[in-house]
Amino acid sequence: MTTDATTNISDPSAIIQEPKEKEQAPVTTSLEAQVEDLDVSKPESKVDIHEEHQQHQQEDEGVKAVTEQVDEERLGDAEDSKQDGSSEGESSTHTSDDEGDSPKELGLVISALQSTIKQNQEKAQPAEHDGEKPVEQKEGEEQEKEKEQEQEEEEEEEELHSVGRSSVDDFNSVTTSTTNVSQEEEKAVVEDPNMPSTFEEIVQDILPPTPGVAPQRQTFDFGGRASEDISDVDTYSANLIALNKIDMKEIKANTLSPRQQERADEPVLRAIRHLFNNRFMKAKKLFEKQAETDPLHALGLGSMAFLKAADTFFLLSLQTSDESMTKNAIDVLTTTYSIANAQIDAASKKTVGNSVYQAMSSYYNYIKFARGSGGLPASPKPATLKSIQKDGVTFVPNGVLRAHVAKAECCLQIAILQLLQENVMGYIKCGMNLRRAYASYSLVWQEYKRMGQIYHDFVDRDTISGIQFGIGAVHLVLSTLPQKVLRIVSAFGWKADKHLGFALLKLCVEERRIRSPMASLMLLAYYTVLTSLCPQILSNEYTQPAIETLLDAQRTYPNSAFFLYFAGRTSRLARNLTLSTQSFTYAIEISKSEWAEVEVLHACSYEIGYNYMMEHNWEEAAKVFDMLYKERYWSPAIFRYLTGACLDMMGQRTEAILAFAEVPDLVGSKTHSTALTEKYVLRKVTAFQECGYQDMDMALCALEYLCLFTGFDFMNTELLEGSLDTVDQALDAIMEAEKTEFGIRTRELLPETPAPKYFDQRGALLLIKASLFNAMGRFKESIIHLNWIIDHKEQIEVDKWIVPFAYWEAGVTAWGMDNKTRSRSFWESALRFSKFDFEYRLAMRVNLAITKAEEMGVPKPVDPNPANRHKAEKKEPIITLDSIQSRQSTSDDASARLSSSNRTPTEPAAFKVHV
């Protein structure tokens, strides 16, 4: 990649020619001040930016513009369909632009999801008057409630299965659209006034996105789009996205004004609508028209390749990425970066002039003040119309700012893909690209802030929303990374703030521009995928925001496969696995015969198979994993292992052994993150082979997989109880084996049979059992099992992951028993372990939990390692009811006194070392 053209300045004195007012600019520290800093429309007045009439005015304009755009686009699409004839309609029915007559699957899923959330809330509410009612009356009421719930579930299933039917009358009761809401939904809204149903209610807590008075929203003219869209789509039907043989010297400077640029970018906005309405080939065709000369069109192609490669980013439960698709996406994004850089070079030689020096001064100001800015770039003093006219203040041209935002977004997407590689070199490259992206975003941000109230005369709206998306995404990505990764990735000088990231991304969504759907995907990825890493800690907080984001997206993209995928993940968080499976099925069906058909099929099929595992539908799960194995998706070795695990749970031991026997020959992936998981799978199979598959009764591979990937938290109580019985049977098998082997040693002297050592098998089973108890809320019953694991951690020699995961479960136990300080100490102890399976997955899980604890004001313990206190003090259980229920443990005080007494006289208190 090349460096920024604006950094090659022959006169370095320009960097230090900064007005004194900028050096004395106040530093923004609090989140409220940072978000308030987003609006500089009236910097010298104390006007409240939360005034309702401003919000409603902007929101009404946004809804009106989007509605007009949708109507005109449908009219244009209708003309296209007439001119195209029947050929396009025959190729794929779901690519038709007539969305009004097709079922709105996403709306159906959201409606059912809201009902599920309401039922869960009703179940969670304590029955205040239960003590006053007779036992018989209670039982009668419970039976009636169960019958009502069963009837509702049956009705929901009937509605779900009726979606695919052609009858519109069967679907009118549940479908939703952009302009019309069914009567049943209106009744549901009346019953639950807190449930947001309109655009105004969803974004009422979002601040105005930009300073000053926004330019009048334009009604886009799609009159000329027929000639653009009726050409042969097959010409652009190649799945591979590439930008080849581009002569950077031929790229010219962009001299369009902001308003002219917005009109010129209408095809990109239209392509984004095609992309997120599953018309992938139409989107690809529009992007390719000017991809060789315009960075935003090229970025559209790069974003398509990024979404295809980042299917596994949304599949964080696997934590891997496809190597070939990732390489293709990085290549396209790198070429886009070069196109944007060439456009900046062309403009800087002809049109920038003195404004380049001002840009470099802003960049210097960013470097100077970034360490104390709380994550936002430094904000220079805004210019006024008077100063512009009198002093001749100039700004960097809009074309240069637009290219900088496109260049920064390329670096951001490349950084995310490199982050998924899970190796040190990938982390280093990720950090370099994140810093490069933030530098470009900062340059544009400061120039935008310098424009003040009249910013709209100098910069287009897509560039502004691009800054909001970029800086917000950087904060959100960095806030999710554990410290052991941040040490390699981050050298920003400030701590990432996820709440600032949320605020900026919500502003981008509200703007309804090119980056809005990508901002929605970024929010949903955090709300659903990352929340699933520690659902007991975060699910209650982020399930409702996820539903609100889906509601907002559904109004513009009612059948998007991307949002249907996240609807399935959100349904899983709500413990409605049937609805989750149906949502993934919708996404598969709606993507058939399209560009991303195979990727959506594979990603959603894995999720469906995982749902079947949680439902103990082992037969269907085995069929799904066998299909993925045969199609060589991701890792054939892992899917063969999962197939064998499900077959073993069905009692088909012979078939399971045959599946396991194939795993060693299938291992050999080049992807680092895949190799880590394959290493775990290979070790499990090798252990079975060494004992001649005689110890399979002592291992529960399927339940162990669910435990590692937090599947128990989404299962109902009945299935959890059944899993407990299965674990007890495996523990009994270990006891019987030990009795037999010890019996031999009582009869024979120095027998050839080795002494029984089943610490790894028992440790894994007890960890599964503790996790099941925690999922059911029976926290006290998990204590004894976790204590056994930690007491015998030295004897657990093969499965090193058991002990750190036991510390994680110990933290969950303490959290459930309302001793959050103790929870944090256990979680920080888990971070002390290294070089075990799923290390980075556990580190990310712990980081999310500790971040939540910090937000709640949970203090950091004096000694975060309970095992050290166990060694230093008398031998006692690591976890006891007293230690969990008491707010302050005597062992904590003893550890603090011990560490204080061991300090040398010259050692400051801030540098206490605990051994």
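At what angle do the axes of helix α33 and helix α35 cross? In this predicted model, the axes cross at roughly 55 degrees. The legends below describe this crossing and other views.

**Figure 1. Overview of the predicted protein model.** The secondary structure of the protein comprises 42 helices and zero strands. Of the 915 residues in the protein, 57% are buried. Among contacts between residues at least 6 apart in sequence, 79% join residues that are at least 24 apart. The protein has an accessible surface of about 39900 Å², and carbon and sulfur atoms account for 50% of this surface.

**Figure 2. Close-up of the crossing between helices α33 and α35.** Helix α33 spans residues 701–708, and helix α35 spans residues 759–775. Their axes come within 10 Å and cross at roughly 55 degrees. Because an angle between 35 and 65 degrees belongs to neither the roughly parallel nor the roughly perpendicular range, α33 is oblique to α35. The crossing of these two helices is left-handed. On the α33 side, the contact involves Leu 703, Glu 704 and Cys 707; on the α35 side, it involves Ala 764, Leu 767, Ile 768 and Ser 771. Sorted by class, the contact of α33 with α35 contains five nonpolar residues, one polar residue and one charged residue.

**Figure 3. Close-up of the packing between helices α30 and α33.** Helix α30 covers residues 636–649. Helices α30 and α33 pack at an angle of about 120 degrees, and their axes lie 7 Å apart. These two helices are therefore oblique to each other. From α30, the residues that make the contact are Tyr 641, Leu 642, Ala 645 and Met 649. From α33, the partners are Cys 701, Ala 702, Leu 703 and Tyr 705. By class, the contact of α30 with α33 has eight nonpolar residues, with no polar and no charged residues.

Figure 4. When residues up to four places away in sequence are not counted, Thr 336 touches Leu 243, Pro 295, Ala 298, Leu 299 and Cys 410.

Key: Residues numbered from 1 in each chain as written. Predicted model: local features only at pLDDT ≥ 70, side-chain atom pairs only at ≥ 80, totals over all residues. Heavy atoms only, no water. Axes fitted to C-alpha atoms, helices over the stretch in contact; angles between N-to-C directions. Helix = DSSP H or I, 4+ residues; strand = E, 2+ residues; numbered from the N terminus. Parallel < 35°, antiparallel > 145°, perpendicular 65-115°, else oblique. Left-handed = near helix turned anticlockwise from the far one by under 90°. Contact = heavy atoms within 4.5 Å. Nonpolar A, V, L, I, M, F, W, Y, C, P; charged D, E, K, R; others polar. Buried < 20%, exposed > 50% of the residue type's maximum accessible area, 1.4 Å probe, protein only. Areas by Shrake-Rupley, 256 points an atom, 1.4 Å probe, with all protein chains shown as cover.
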